[in-house]
Amino acid sequence: MCCNPTIDFVVLERNSTDAIDVGASLVLAPPSLRVLHQLGVLNGLQGLASEVILRHTIKQSGHRFTACNVFDGCKRKAKSKFLQGKNVIDIRSTDNEVKMYVVEFQRPIEPGAAFETQSKDKSIMFATGKERGWIFLYEKLPQPTTARTTYGEKDVEAMAGRFADYPLTDSLKVKDVLAERMTTGVSDLQEGICNNWGWGRIALVGDSIHKFCPNAGLGYCYQSGIQDVVSLVNNLRQLLACSSNPSVSELEAMYKAYQAQQWGDLAFDASLSAHTARIRLQTFVNYNIINMVQTPVWKQRLAFDFLDAEEPFMGRVAWLHPLKNRCLK
Ligand SMILES: Cc1cc2nc3c(=O)[nH]c(=O)nc-3n(C[C@H](O)[C@H](O)[C@H](O)COP(=O)(O)OP(=O)(O)OC[C@H]3O[C@@H](n4cnc5c(N)ncnc54)[C@H](O)[C@@H]3O)c2cc1C
């Protein structure tokens, strides 16, 4: 019963390609990867991505704390539901602390490296994938703002100059890799969660309801969006099992259940992200402590309750929502 009815969908995307080469890297954690596995895209991703093997934290002085096209895998049937080049201009139904500079370059060290540099009011993340590397330069703004700021080439150069002599690794400085850069960009980082997650026949997921700083480097932003989708779809399927043509009031009650299910985890992610962003701008905390607090929280992250898959990640802490589902047994 929980496998039916199926939910039809169409995706309207203003860009005309599956994955345009803008933005920066994307760190994905196990709770997101296992949901992507349920959708059959994990193998394809693993061919493109690198596992983070090393995570080092250093101070500006050089002191070390520790050494410690996704759609290709989608079912053909689903692909026809993604309509690209469709700019949504209207929908009808009867933030702000840090700015960030991202540099992308040919990677100078082995894939899977993750380095963090901490200093007062500035921090750096440096990561390498299979073919590229990324440096994220974070700088505290003089004051929080809700203004929309656009940065140009002059701002890029000025920020690069302020970080030029900061260490990335024991032997590399920011200026060493900037010369090799392929792309760069600067933007403000936004934070906030909105209160209304659905109205009429419209429900929101992802960055449209919550924005976090990505500098925890743990994939919290994107992961929260995936969790929204999983929760919303699971709740919608439950509703459709009882009412094949739900009324707006039934849907709105379902949005409340969806929001309530997500709120606790989201508040945790938002808080951890906000704290990480701020403490990173200090020089005394070894951030590997974060790794200790996330496991008990991650184990309770959702998976689709109607898709059957072998569990790709098993550890000492068991997942609360197994990928083997009742309906397919
Ligand atoms: C520099 C940077 C680094 C980041 N790194 C990470 C990371 O490592 N890990 C992580 O988890 N998160 C990271 N994030 C955050 C992450 O990118 C977002 O949380 C995530 O992309 C949000 O996904 P989304 O689908 O909700 O929104 P989006 O990715 O913004 O997708 C919205 C889509 O809607 C389309 N669209 C917008 N308007 C219209 C319209 N009018 N009509 C049609 N289509 C439209 C857009 O083209 C876009 O494709 C990072 C963010 C930044 C800025």
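**Exercise 1. What percentage of the 329 residues in the protein chain do buried residues make up?**

Solution. The structure is a predicted model, in which local features need pLDDT of at least 70 and side-chain atom pairs count only at pLDDT 80 or more, while totals for chains, interfaces and linings use all residues. Residues are numbered from 1 along each chain as its sequence is written.

Step 1. A residue is buried if 20 or more other C-beta atoms lie within 10 Å of its own, exposed if 12 or fewer, and partly exposed in between, with C-beta atoms placed from the backbone.

Step 2. Buried residues account for 25% of the 329 residues in the protein chain.

Step 3. The chain contains 8 helices and 13 strands. Helices (H or I, at least four residues) and strands (E, at least two) are DSSP runs, numbered from the N terminus.

**Exercise 2. Determine how Q46 is classified, and locate Q46 in the chain.**

Solution. Step 1. Q46 belongs to helix α2, residues 42-48.

Step 1. Q46 counts as partly exposed because it has 14 C-beta neighbours inside 10 Å.

Step 2. Along the chain, Q46 and L33 are 13 residues apart, and 9.8 Å separates their C-alpha atoms.

**Exercise 3. Describe helix α6 and what covers its buried residues.**

Solution. Step 1. Helix α6 spans residues 220-242, which is 23 residues. From its first C-alpha to its last, α6 reaches 33 Å, close to the 33 Å expected at 1.5 Å a residue; the expected span is 1.5 Å times one less than the number of residues.

Step 1. Among the buried residues of α6 are Y220, C221, I226, V230 and L232.

Step 2. The cover over these buried residues includes α1 (30-38), β12 (202-203), β13 (210-211) and α7 (248-279).

**Exercise 4. Which strands pair with β7, and over how many bridges?**

Solution. Step 1. Strands pair if DSSP finds at least two bridges between them.

Step 1. Strand β6 (residues 113-119) runs antiparallel to β7, joined by 6 bridges. The hairpin they form has 2 residues between the strands, and D121 in the turn has a positive phi of about 65°.

Step 2. Strand β8 (residues 132-140) pairs with β7 in the antiparallel sense over 7 bridges, and a hairpin of 3 residues joins β7 to β8.

Step 3. M125 in β7 is the bridge partner of E116, and M125 also stands opposite F136 in β8. I124 stands opposite L137 in β8.

Note on methods:
Two residues are in contact if their C-beta atoms, placed from the backbone, lie within 7 Å.
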